[in-house]
Amino acid sequence: MFSSAMLAAEDPLNANSERNQILNYFDYFFTAVFTIELLLKLISYGFVFHKGAFCRSAFNLLDLLVVCVSLISIFFSTALSNIMKEGFDVKALRAFRVLRPLRLVSGVPSLQVVLNSILRAMIPLFHIALLVLFVIIIYAIIGLELFSGKLHKTCFDNSTGTPMDDPHPCGDGGFQCESIGLVCRYYWEGPNFGITNFDNFGLSMLTVFQCVTLEGWTDVLYNIQDAMGNSWQWIYFISMVILGAFFVMNLILGVLSGEFSKERTKAKNRGDFQKLREKQQIEEDLRGYLDWITQAEDIEPEAESSYADGGMKGKMGEGGGAPVDSSEHLGDENEVVQESWMRTKKKDLERINRRLRRACRKAVKSQAFYWLIIVLVFLNTGVLATEHHHQPPWLDEFQEVTNLFFVALFTMEMILKMYSLGFQGYFVSLFNRFDCFVVLGSIGEMVLTNTHIMPPLGVSVLRCVRLLRVFKVTKHWHALSNLVASLLNSIQSIASLLLLLFLFIVIFALLGMQVFGGKFIFNSTVTKPRSNFDSFWQSLLTVFQILTGEDWNAVMYDGIQAYGGVASIGIIACIYFIILFICGNSRTD
């Protein structure tokens with residue numbers, strides 16, 4: 001984790017900065033540590049010739065690959081830099097360091113289950129990938145035959161020879177430039193810096209793949225219609241979307257789901273989830289035990305005598321005769337009588353306490369209390385919904401008073417439940433813990449607001465705790481409570497998948513920093529695109545944007561332009577974005 005953090009802290013804009021030089025020393029340190037770890041494992045496990053050897057585990061081989069690549073990159077960057085005057089460009093090799101977060105997989109068994117499921121699904125996924133590739137090739141060839149060279153005409157001003165503002169295709173039967181006083185003629189590079197077209201097989205495949213991902217396919221359709229007219233062109237795109245996106249691409253979800261279910265069943269049979277089941281059983285037993293304790297408290301003990309045996313015997317004879325006249329033991333008798341009186345009062349107080357707790361328990365479990373809390377929650381939600389920009393001062397005062405009122409009521413509810421159920425019985429329930437967090441957060445927000453300790457921004461963030469009161473209704477609404485419980489259980493079951501997805505995002509964010517860091521500055525007079533890889537956090541956001549499919553093609557266009565455009569090696573940059581989109585969406589689906 002520290003090694004991955006050091007990679008994320010690098011500055012891609014200034015490779016020779018002091019921070020990067022310090023991080024290089026950390027890189028040497030972590031490489032040495034991982035090398036020593038690797039050697040110790042090789043010595044203890046053996047190499048490959050017996051069962052349980054180091055090289056017989058795929059995750060150990062992954063560790064070996066990461067360490068070897070780190071050693072090779074350090075060798076080329078240090079040893080050969082002394083031989084070659086300009087040094088040796090090892091940026092491509094150093095990019096392999098982004099695989100270090102995958103070392104976490106070898107230490108987390110649940111991650112291994114998920115990764116094994118994905119690896120076992122590779123063969124059926126490969127078949128589906130061939131089918132998708134076959135569909136893309138067919139439509140790319142059809143598009144090449146129908147639309148080749150059709151997207152390079154646009155409207156020009158004959159007097160100046162400049163194209164129209166925001167140029168788009170034109171042609172016979174399509175957009176008529178004469179309607180705006182311009183002339184439709186060659187030559188324009190085409191939409192999106194000449195990337196989106198059907199001029200050759202490669203660009204045609206890239207355009208078809210973009211349409212299959214459902215991002216910007218309507219723009220391509222409208223560009224073709226502007227160039228050729230609105231007649232039969234829609235048939236090509238509609239059939240491509242239906243066949244490629246709605247049918248073939250969604251087969252990936254079924255394959256991954258089936259393989260994950262199989263791998264999870266095998267893991268359960270091996271007992272990997274036995275500890276989780278035991279923990280759940282212990283929680284259920286504890287809950288039942290506390291319920292039994294609560295019911296036992298409702299049973300009052302039988303009435304006992306008001307005096308202790310010793311006190312009564314001090315007044316009566318042993319055979320039941322006349323009282324014993326023992327003045328020398330008068331002090332002892334008074335002490336016994338006083339102790340008996342204190343015990344009697346204590347028992348009376350305990351009896352009253354039990355009766356009061358029983359009454360409070362019946363109250364908090366009654367239907368009237370149930371509906372009262374629901375009504376209070378909805379009233380509080382309605383008051384919170386009245387807040388708006390430039391609201392009058394009287395509304396501010398009304399909201400503050402009502403907030404104080406609701407905080408007091410919900411605090412009384414929490415204290416009443418704690419008293420009636422006891423601290424252990426109260427905190428066993430997850431919803432009661434949530435109620436306690438909301439109430440304490442609301443009280444803290446009121447204290448910090450009235451004392452003006454925190455800045456306005458922090459106060460605004462704390463006020464969001466009030467919105468959590470809406471979720472209090474989930475405890476009293478049983479159908480909604482079951483739904484929330486099912487949602488939480490499903491989140492726990494896919495936690496490993498989410499962690500693997502996060503590692504995937506981190507790896508591609510680090511790789512994006514290595515490849516595209518500082519490359520999206522095309523012109524000093526033009527604002528840099530928001531979607532860039534100039535820092536780790538911005539790179540994370542950009543990768544997540546691509547995973548969601550939102551404008552991922554626009555980021556790809558910038559990546560291609562960063563390395564010289566479609567007419568140079570910049571077109572190779574599209575491989576990064578295509579792999580990221582395919583692998584990421586296969587996991588998020």
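Colleague: How many Å² does the accessible surface of the protein chain come to?

Modeller: Accessible areas come from the Shrake-Rupley method with a 1.4 Å probe, and for residues only the protein chains shown count as cover. In this predicted model, the accessible surface of the protein chain comes to about 34700 Å², and 65% of that surface belongs to carbon and sulfur atoms. Local features need pLDDT of at least 70 and side-chain atom pairs count only at 80 or more, while totals for chains, interfaces and linings use all residues. Residues are numbered from 1 along each chain as its sequence is written, and side-chain values use heavy atoms, leaving out hydrogens and water.

Colleague: How many helices and strands does the protein chain have?

Modeller: Helices (H or I, at least four residues) and strands (E, at least two) are DSSP runs, numbered from the N terminus. The protein chain has 24 helices and two strands.

Colleague: How do helix α21 and helix α22 cross?

Modeller: Two packed helices are described by the angle between their axes and the distance between the axes. Axes are lines fitted to C-alpha atoms, for helices over the stretch in contact, with angles running from 0 to 180 degrees between N-to-C directions. Here the axes of α21 (residues 495-516) and α22 (residues 536-548) come within 8 Å and cross at roughly 120 degrees.

Colleague: Which residues make that contact?

Modeller: Contact means heavy atoms within 4.5 Å. Among the residues involved are Leu501, Phe504 and Met513 of α21, together with Phe536, Ser539 and Leu547 of α22.

Colleague: What does UniProt list for residues 497-522?

Modeller: The unreviewed UniProt entry lists residues 497-522 among its "transmembrane region" stretches, although such annotations may be inferred rather than shown by experiment. Over residues 497-522 the chain is 77% helix and 0% strand, with the end C-alpha atoms 38 Å apart.
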